[in-house]
Amino acid sequence: MRDLTGFRKGAVRIRVQGEQTERFLNLCKAREIKISKLIRTGEQSLEGNMLIADFFRLSPIRRKTGVKIHILEKHGLPFFFYRSKKRKAFFIGIFACALLLAVLSGRVWEIDVSGNVRNSTQEILDFLKEEGIVHGMQRSKISCSAIAAAIRENYNDITWVSARIEGTRLVLTVKEGIFTEAVKTDEKNPCNLTADQNGVIVRMITRAGYPKLHVGEECHIGDVLVSGCLELKNDSQEVVRYEGVHADADIYIKRKKAYYREIPLEYQAEEYDGKERKNYFFKTGNIYLELGGSAENNWQNTMEEEILRLTDSFRLPFTVGKITRKHYETVSREYTEKEVRALAWSTLQLYEEKLIEKGVQISANNVKIEVDHKTCISKGFLEIIEKIGRETPVEIPEQPAERTTEDGEQHY
């Protein structure tokens, strides 16, 4: 803190020489003149730092003690401005920079959206653009409450919105409600569950409808697995009425899924020769300025960019970055048998991982990898267990006709 005060008010480093240096220090202490970083350089000399204001109070003490005072160093803004008083362009630049920062601080240069899952950030930014909320607009023209209300009105699945301005950033925090994917009115529509794959049923849990096939039976594409047409019977096991329901069940089948991949032994590779270039670029709005050469063939580009900020919440509308270009030559190479088998196996594993991500279980792997003089071929099949069943319309038969007995009672 003392160093900052000395820089702001100006400080000097002095050397005091004479026979009464100790008396000099005592008088300075009595008059509350502070000397920092004091060292003795000889029997009759010492050095220390003090503020300019305290230095001008030393004349009475110097006369009483008879010491000699020499200024060794000068530090701080007062001396800097005095030395730079003829540099008008420098002070004009400082003023222009301060004015530019004042103008930029009154605008919004960054819009942050967090908490959104179903609605993408770009979609929300496009909506704000339609509402007139864009990067670079004045902060005074932004109404956080109006923005929050507009987002809630436009997006039915967003239940809560918080909008606030932090420096030159507009921060939006949203919460999305939890809605079921199925619509209740659709669930009431009668339908069947039909097979969309061939296989053997291994597990079946029926919640609504009448199962037409059971565990262990084979199904084919188009077969009705669960019927949405229920037959209501009387005590004599005669059908008295047909009722349509929305069939609902979890049905899993086991089937074979064919797999075939070819990998040529010869391939094209990029070989770097050690040549490297570094260029720099500057970007603001739609203006892009690159210092150095432009992109060429056989050069791999790696770009690093950074948004200029004064603080975390004070973003400037400027982006600077570096482009690293490495030169390469395209050469023909050939896999060894060991390398191509490893590549084929990793490709198969990646394919299995994608199936598992979709909820498919793999019960057996019957894929063989064969290598000839030109190609590595992976072929065979996977035994998988997957969930099937798609909704199809159900046909409700005509209701049985009523019949009347001799005693006048009505029967179906």
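Predicted model: local features only at pLDDT ≥ 70, side-chain atom pairs only at ≥ 80, totals over all residues.
Reader: Is Val320 buried, partly exposed or exposed?

Author: The relative accessible area of Val320 is 31%. Buried means under 20% and exposed means over 50%, with partly exposed in between. Val320 is therefore partly exposed.

Reader: What separates the C-alpha atoms of Val320 and Phe282?

Author: Along the chain, Val320 and Phe282 are 38 residues apart. Phe282 is also one of the residues that Val320 touches, and Phe281 and Leu308 are among the others. The C-alpha atoms of Val320 and Phe282 are separated by 4.7 Å.

Reader: Which residues is Arg333 in contact with, leaving aside its neighbours within four places in sequence?

Author: Arg333 has its place in strand E19. With a relative accessible area of 36%, Arg333 is partly exposed. Its C-alpha atom lies 5.7 Å from that of Glu266, a residue 67 places away along the chain. The contacts of Arg333 are Leu265, Glu266, Tyr267, Ala269 and Glu271.

Reader: Where does Ser313 lie, and which residues is it in contact with beyond four places in sequence?

Author: Ser313 lies in the loop between strand E18, residues 299-309, and E19. At 26% relative accessibility, Ser313 counts as partly exposed. Beyond four places in sequence, its contacts are Glu166, Gly167, Thr168 and Arg169.

Reader: How many Å apart in space are Ser313 and Val12, C-alpha to C-alpha?

Author: In sequence, Ser313 and Val12 are 301 residues apart. From C-alpha to C-alpha, the two residues are 38 Å apart.

Reader: Is Arg13 buried or exposed?

Author: Arg13 is found in strand E1, residues 11-17. Among the residues Arg13 touches are Lys37, Glu47, His70 and Glu73. Its relative accessibility is 13%, and the limit for a buried residue is under 20%. Arg13 therefore counts as buried.

Reader: What is phi of Glu32?

Author: Glu32 is found in the loop between helix H2, residues 21-30, and strand E2, residues 36-42. At 67% relative accessibility, Glu32 counts as exposed. Glu32 is not a glycine, yet its phi is positive, at about 55°.

Reader: How many Å lie between Leu350 and Met204 in space, C-alpha to C-alpha?

Author: Leu350 lies in helix H10, residues 337-357. With a relative accessible area of 46%, Leu350 is partly exposed. In sequence, Leu350 and Met204 are 146 residues apart. In space, the C-alpha distance between them is 29 Å.

Reader: Which residues does UniProt list as "transmembrane region", and how much of that stretch is helix?

Author: The unreviewed UniProt entry lists residues 89-109 under that name. In the model, the end C-alpha atoms of this stretch are 29 Å apart. The chain there is 0% strand, and its helix share is 76%.

Reader: How many helices and strands are there in the protein, and why is it called more spread out than a compact globule?

Author: The protein has 10 helices and 24 strands. For 412 residues the globule rule gives a radius of gyration of 22 Å, and the protein is well over this value, so it is more spread out than a compact globule. Along its principal axes the C-alpha trace spans about 145 × 75 × 45 Å. The radius of gyration of the protein is 42 Å.

Reader: What share of the residues of the protein count as buried?

Author: The accessible surface of the protein comes to about 27,700 Å², and 51% of it belongs to carbon and sulfur atoms. A residue counts as buried when its relative accessible area is under 20%. Of the 412 residues, the buried share is 31%.

Reader: How far apart are the mean positions of the positive and negative charges?

Author: The protein has 63 positive and 61 negative charges.

Methods: Residues numbered from 1 in each chain as written. Heavy atoms only, no water. Helix = DSSP H or I, 4+ residues; strand = E, 2+ residues; numbered from the N terminus. Rg over C-alpha atoms; globule rule 2.2 N^0.38 Å. Buried < 20%, exposed > 50% of the residue type's maximum accessible area, 1.4 Å probe, protein only. Areas by Shrake-Rupley, 256 points an atom, 1.4 Å probe, with all protein chains shown as cover. Lys, Arg positive; Asp, Glu negative; His and termini not counted. Charge placed at Lys NZ, Arg CZ, Asp CG, Glu CD. UniProt positions renumbered as here; feature names shortened; annotations may be inferred. Contact = heavy atoms within 4.5 Å.
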